[in-house]
Amino acid sequence: MSEINRKLEALTFTFKNKENKADTSINLLDELFTKFPNFIDLLPNDESNKRSVKIEKKKDSDGETVSTFKKYESGRFICGKISSTNYGKIIKIINPNDKDAEPVYKSKPEHGVEKVFFFFIHIPKDNHKGFILLERSGVFGIRTVFCSVLKSFMKETYPENKISFNEFIDKDIAKRFVTNGTTKSVTLTTDKIPKELSDKLNFLEEEYKDYSISLTIKKKRGYFGSSTKKVLDKLYSSKDKSYLLTEKLKVVGFGENSEITTRVKLNGKEKNIDFNESFKLKSIYDINVELDEFGESKIDEITNSAITLFKDINPF
């Protein structure tokens with residue numbers, strides 16, 4: 001079959017413990033590779049939404065059924081295909097060239113239409129964050145299902161940890177937004193509440209982690225001046241937050257794990273830019289792949305396209 005345009009949607013994730021720190025005792029790359037497929041295989045069907053999910057398997061040249069789920073140790077990434085099947089309705093298969101004919105096939109309610117999409121996960125060495133590419137075909141994709149299943153896996157396998165997903169935006173676009181935009185405010189958010197303050201507020205011991213302190217700096221009217229903007233531009237480029245953390249701020253709980261966000265306006269639109277993560281815009285990249293007999297992208301081709309795209313983006 002000829003090549004066809006598909007898309008790869010990019011997003012990032014962080015995996016931390018309840019103290020919002022990386023858990024270095026877990027080798028997330030190996031854990032995902034060895035445990036995630038089995039988790040999906042044992043996952044019961046979602047009867048409320050009439051949906052089932054599985055890791056896709058294919059027959060190799062010898063006719064053996066093999067999983068598409070693969071690990072590439074040297075590049076520290078995992079990829080494969082995941083399918084989502086909606087069932088519960090009778091589906092009619094017709095011959096479009098014979099408009100008066102009866103359906104050539106009518107499904108049973110327990111049958112369904114399967115949609116199969118490629119996924120790619122990169123996890124940096126000794127780090128608990130990751131970069132994900134998910135295949136899209138027109139308006140269809142696997143993002144909602146994939147993130148939901150991965151989140152359920154993390155919750156069941158590592159109940160003391162949490163995973164959060166974020167949009168990814170290409171660094172060149174982000175830099176242009178920061179350089180050309182006008183800054184409206186800077187907000188610092190603590191990673192913890194000082195014990196003295198939590199005691200005064202009568203927080204329960206298990207409660208204090210659910211609160212944070214935010215400090216917003218903004219001009220009474222208008223936007224920050226050019227001299228301040230140069231400092232913020234440098235802060236964004238170097239990712240060095242210590243420049244803004246004075247000793248008095250550290251006393252009330254601000255530290256290296258604190259979040260720093262800026263409100264920036266460009267071309268009439270305002271965005272919050274996180275100095276830890278890219279600001280919230282989607283990055284979707286075009287690729288060309290050859291399809292198999294079912295109209296699905298060939299696994300080897302789309303894997304190579306994803307690897308090439310990942311190297312070009314160089315997100316970390």
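This note goes through a helix, a sheet and a cavity in a predicted model.

1. Along α2, the buried residues are R143, V145, F146, C147, V149, L150, F153 and M154. As background to that list, residues three or four places apart in an α-helix point the same way, because there are 3.6 residues a turn.

2. An open sheet is built from four strands, which follow the order β14-β13-β15-β16 with antiparallel pairing. Its edges are formed by β14 (214-218) and β16 (269-274), each of which pairs on one side only, and from one strand to the next the twist averages 20 degrees.

3. Within this sheet, β13 (residues 182-189) runs antiparallel to β14 and is joined to that strand by five bridges; T187, for example, has T216 of β14 as its bridge partner.

4. How many cavities of 30 Å³ or more does the model contain? The count comes to one, and the largest cavity holds about 70 Å³ of space. Its lining consists of V178, T183, K229, L232, D233, Y236, T262, V264, I273 and F275, of which six are nonpolar, two polar and two charged.

5. As for where that lining comes from, α5 (226-238) and β15 (259-266) each supply at least two residues, and α5 gives the most, with four residues.

Notes. Residues numbered from 1 in each chain as written. Predicted model: local features only at pLDDT ≥ 70, side-chain atom pairs only at ≥ 80, totals over all residues. Heavy atoms only, no water. Buried < 20%, exposed > 50% of the residue type's maximum accessible area, 1.4 Å probe, protein only. 1 Å grid on protein atoms, 1.4 Å probe; cavity = no way out; pocket = protein on both sides within 12 Å on 5 of 7 lines; lining within 4 Å. Points joined across faces, edges and corners; volume = space filled by probe spheres on them. Nonpolar A, V, L, I, M, F, W, Y, C, P; charged D, E, K, R; others polar. Pairing = 2+ DSSP bridges. Axes fitted to C-alpha atoms, helices over the stretch in contact; angles between N-to-C directions.
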